[in-house]
Amino acid sequence: MVEERMYLYARPDDPIHMLAQSERIDHLGQADFATFAEGMRSRQLVERWAEKVGASLRIVLESRGLEAMRTYVTRGLALAILPEFCVGEDLRAGHLRAVEALGLPLLRRAVVLTSPDREAPSTVQAFLSMLPVKLGASLTPVEQPGSANA
């Protein structure tokens with residue numbers, strides 16, 4: 001299982017950073033917001049968060065590509081909730097800053113299953129190599145404690 005954290009990001013000079021944390025959710029109704037395309041699991045996660053905390057999102061960009069949303073945020077065109085792995089370089093370079101807000105970070109979990117008797121397809125291998133997995137993940141089956149083979 002892979003777990004990634006998603007934070008609200010803005011440029012360091014964005015006015016949202018000057019607001020008290022209690023005022024940031026209301027501010028989202030006035031700020032431009034970039035998000036995932038309709039029907040994507042990450043979009044549903046963001047929408048559930050917004051509903052839970054009472055945030056109104058003024059969406060100016062819907063995209064299936066993280067790069068488009070990341071570009072909007074780094075250029076100061078919108079705020080966005082993005083997985084931390086896709087903005088690491090921007091954070092280190094000081095182009096983006098996470099915004100602390102109620103209910104964040106969001107956790108997005110994924111499970112990648114492969115047959116133990118076949119090599120994982122190259123697309124799965126490429127996907128896993130791109131993720132910043134902090135756990136000792138591999139493409140080989142892992143025995144769970146308490147299972148018959150453990």
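These notes walk through a predicted model, from its confidence to its core.

1. **Confidence.** The structure is a prediction. The protein averages a pLDDT of 85. At least 70 is the score of 81% of the residues. Read residues 133-145 with care: pLDDT stays under 50 there. For this stretch the model has twelve contacts beyond four places in sequence.

2. **Strand 2 and its partners.** Start with strand 2. Four of its five residues are buried, so strand 2 is largely enclosed by the rest of the structure. Strand 2 pairs with strand 3 (residues 58-63) in the parallel sense, over five bridges. The chain gets from strand 2 to strand 3 through helix 2, and this β-α-β crossover is right-handed. Strand 2 also pairs with strand 4, again in the parallel sense. That pairing has two bridges.

3. **Phe33.** Find Phe33 and look to its partners. Ile59 in strand 3 stands opposite Phe33. In strand 4, the bridge partner of Phe33 is Leu79.

4. **The nonpolar core.** Which residues of the largest nonpolar core touch the most other members? They are Leu8, Leu28, Trp49, Leu79, Ile81, Leu82 and Leu106, out of 34 residues in this core. Strand 1 (2-10), strand 2 (32-36), helix 2 (41-53), helix 3 (66-74) and strand 4 each give two or more residues to this core. Helix 2 supplies the largest share, five residues. Keep the general rule in mind: in soluble globular proteins, nonpolar side chains tend to be buried together.

5. **Leu82.** Leu82 lies in strand 4 (residues 79-83). Is Leu82 buried or exposed? Its relative accessibility is 0%, so Leu82 counts as buried. Beyond its neighbours within four places in sequence, Leu82 is in contact with Arg5, Met6, Tyr7, Tyr9, Leu66, Met69, Arg70, Val73 and Val87. Ala98 is 16 residues away from Leu82 along the chain, and their C-alpha atoms are separated by 9.7 Å.

6. **Leu106.** Leu106 is another of the core residues that touch the most other members. Leaving out residues up to four places away in sequence, Leu106 touches Glu4, Arg5, Met6, Leu45, Val46, Trp49 and Ile81.

7. **Asp90.** Now turn to helix 4 (residues 88-92), where Asp90 sits. Why does Asp90 count as buried? The cut-off is under 20% relative accessible area, and Asp90 has 11% relative accessibility. Not counting residues up to four places away in sequence, Asp90 touches Arg70, Thr74, His95 and Leu96. Arg70 is also among the contacts of Leu82.

Note on methods: Residues are numbered from 1 along each chain as its sequence is written. This is a predicted model: local features need pLDDT of at least 70, side-chain atom pairs count only at pLDDT 80 or more; totals for chains, interfaces and linings use all residues. Side-chain values use heavy atoms; hydrogens and water are left out. pLDDT is the predictor's confidence in each residue, from 0 to 100. Contact means heavy atoms within 4.5 Å. Buried means under 20% relative accessible area, exposed over 50%, partly exposed in between (1.4 Å probe, protein chains only). A nonpolar core is a set of buried Ala, Val, Leu, Ile, Met, Phe, Trp, Tyr and Cys residues joined through side-chain atoms within 4.5 Å. Two strands pair if DSSP finds at least two bridges between them. A crossover is right-handed if, with the strands pointing away from the viewer, the path from the first strand over the helix to the second runs clockwise.
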